[in-house]
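Please keep the sequence and the structure open while you read.

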Amino acid sequence: NTHTLSSGINAEYGERPGCAGPPDTVRASHLLVKHKDSRRPSSWREERITRSKEEALEILNGYLSQIKGGTPFSDLASQFSDCSSAKRGGDLGHFGPGQMQKPFEDATFALSVNEMSG
């Protein structure tokens, strides 16, 4: 598993005039911290990631504290995310069901607008 701190999840729902229920699309941002057992333990920042899952969680908890203290999510994602979305402040854009890994998709669609998961 890869660990992600997601912010601005469901910051926007896809337009669905006259429809009730879950959105067709969501827009999300994330700050990805990979560890050595991640599906692909490398990133634009590090060719070979060697940190443990526990170290990744500790790093994410530090980012969460910084966000709660007022540091903009996009600033941290731009500098520290192991995802290529870092160049967009962590913004993944709009996506619908089946376009992301299932656990991330499920978490994203379950959150309220501007809610953050960790």
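## Salt bridges

Six salt bridges turn up in a search of the whole structure. A salt bridge here is a side-chain nitrogen of Lys or Arg within 4 Å of a carboxyl oxygen of Asp or Glu. This is a predicted model: local features need pLDDT of at least 70, side-chain atom pairs count only at pLDDT 80 or more, and totals for chains, interfaces and linings use all residues. Residues are numbered from 1 along each chain as its sequence is written, and side-chain values use heavy atoms, with hydrogens and water left out.

One of the bridges joins Asp91 and Arg27, with the closest N and O atoms 2.4 Å apart. It links distant parts of the chain: Asp91 is in strand E3 and Arg27 in strand E2 (residues 26–33), 64 residues apart. Helices (H or I, at least four residues) and strands (E, at least two) are DSSP runs, numbered from the N terminus. Asp91 is buried at 16% relative accessibility. Arg27 is partly exposed at 28%. Buried means under 20% relative accessible area, exposed over 50%, and partly exposed in between (1.4 Å probe, protein chains only).

Asp82 sits in the loop between helix H2 (73–80) and strand E3 (91–95). Its relative accessible area is 3%, so Asp82 is buried. Arg45 and Asp82 form a salt bridge (3.3 Å, N to O). Arg45 lies in the loop between E2 and helix H1 (53–68), so this pair ties together parts 37 residues apart in sequence. Arg45 is partly exposed, at 33% relative accessibility.

Asp82 also bridges to Arg51, with the closest N and O atoms 3.3 Å apart. Arg51 is in the loop between E2 and H1, 31 residues from Asp82. Arg51 is buried, at 14%. Salt bridges link Arg45, Glu46, Arg51 and Asp82 in a network.

## Aromatic cluster

There are three aromatic pairs. Rings of Phe, Tyr and Trp (its six-membered ring) pair if their centres lie within 6.5 Å; planes under 30 degrees apart count as stacked, over 60 as edge-to-face and the rest as tilted. Phe95 and Phe104 have ring centres 6.1 Å apart and planes at 35°, so this pair is tilted. Phe95 and Phe109 have centres 6.4 Å apart and planes at 75°, so they are edge-to-face. Phe95 is in strand E3 and Phe109 in helix H3 (residues 102–110), 14 residues apart.

Ring pairs join Phe95, Phe104 and Phe109 into a cluster. Phe95 is buried at 2% relative accessibility, and Phe104 is buried at 16%. Phe109 is buried too.
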